[in-house]
Amino acid sequence: IESALANKLEARAAARIVQAKAAQKEIAEFTEEFLSAAARVFGLIDKDGGGSLSKDEIVKACRDDKEVIAFLSTCGEENLQFLLHPPRLDKALDALDTDKSG
């Protein structure tokens with residue numbers, strides 16, 4: 001019985017390691033895909049190429065720029081698609097703008 005129990009515990013530990021590695025890989029892939037999509041939308045919004053975005057630039061692009069809207073609508077990233085919802089966008093931008101510089 002002790003031997004069977006030890007084998008079962010070893011098998012469970014090995015399975016947990018495999019699951020943890022799979023989860024880490026999935027997180028890395030998600031992060032890479034999200035960052036790629038975020039960089040793309042940043043580039044679409046940053047029309048002047050200044051490397052930074054004001055709240056006004058973001059709001060205007062998400063409201064009026066057909067290319068930005070089309071990308072956000074089809075990118076598959078829920079964490080970026082919220083930019084298309086003005087109340088959520090305002091709330092998020094206000095939270096991120098810690099120095100209130102816009």
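Which side chains meet in a salt bridge at 2.7 Å, N to O? They are those of Asp-94 and Lys-55, where a salt bridge is a side-chain nitrogen of Lys or Arg within 4 Å of a carboxyl oxygen of Asp or Glu. This is a predicted model, in which local features need pLDDT of at least 70 and side-chain atom pairs count only at pLDDT 80 or more, while totals for chains, interfaces and linings use all residues. Residues are numbered from 1 along each chain as its sequence is written, and side-chain values use heavy atoms, with hydrogens and water left out.

**Salt bridges**

- By the rule given above, the count comes to four salt bridges.
- Asp-94 lies in helix α5 and Lys-55 in helix α2, so this pair ties together parts that are 39 residues apart in sequence; helices are DSSP runs (H or I, at least four residues), numbered from the N terminus.
- Lys-47 and Asp-65 also meet through their side chains in a salt bridge, at 3.0 Å from N to O, and this pair links distant parts of the chain, 18 residues apart, with Lys-47 in the loop between α1 and α2 and Asp-65 in the loop between α2 and α3 (66-74).
- Arg-63 forms a salt bridge with Asp-64, and their closest N and O atoms are 2.9 Å apart.

**Exposure of the partners**

- Lys-47 is exposed, with a relative accessible area of 56%, whereas Asp-65 counts as buried at 17%, because buried means under 20% relative accessible area, exposed over 50%, and partly exposed in between (1.4 Å probe, protein chains only).
- Asp-94 is partly exposed at 39%, and Lys-55 is partly exposed at 23%.

How values were computed: Helix = DSSP H or I, 4+ residues; strand = E, 2+ residues; numbered from the N terminus.
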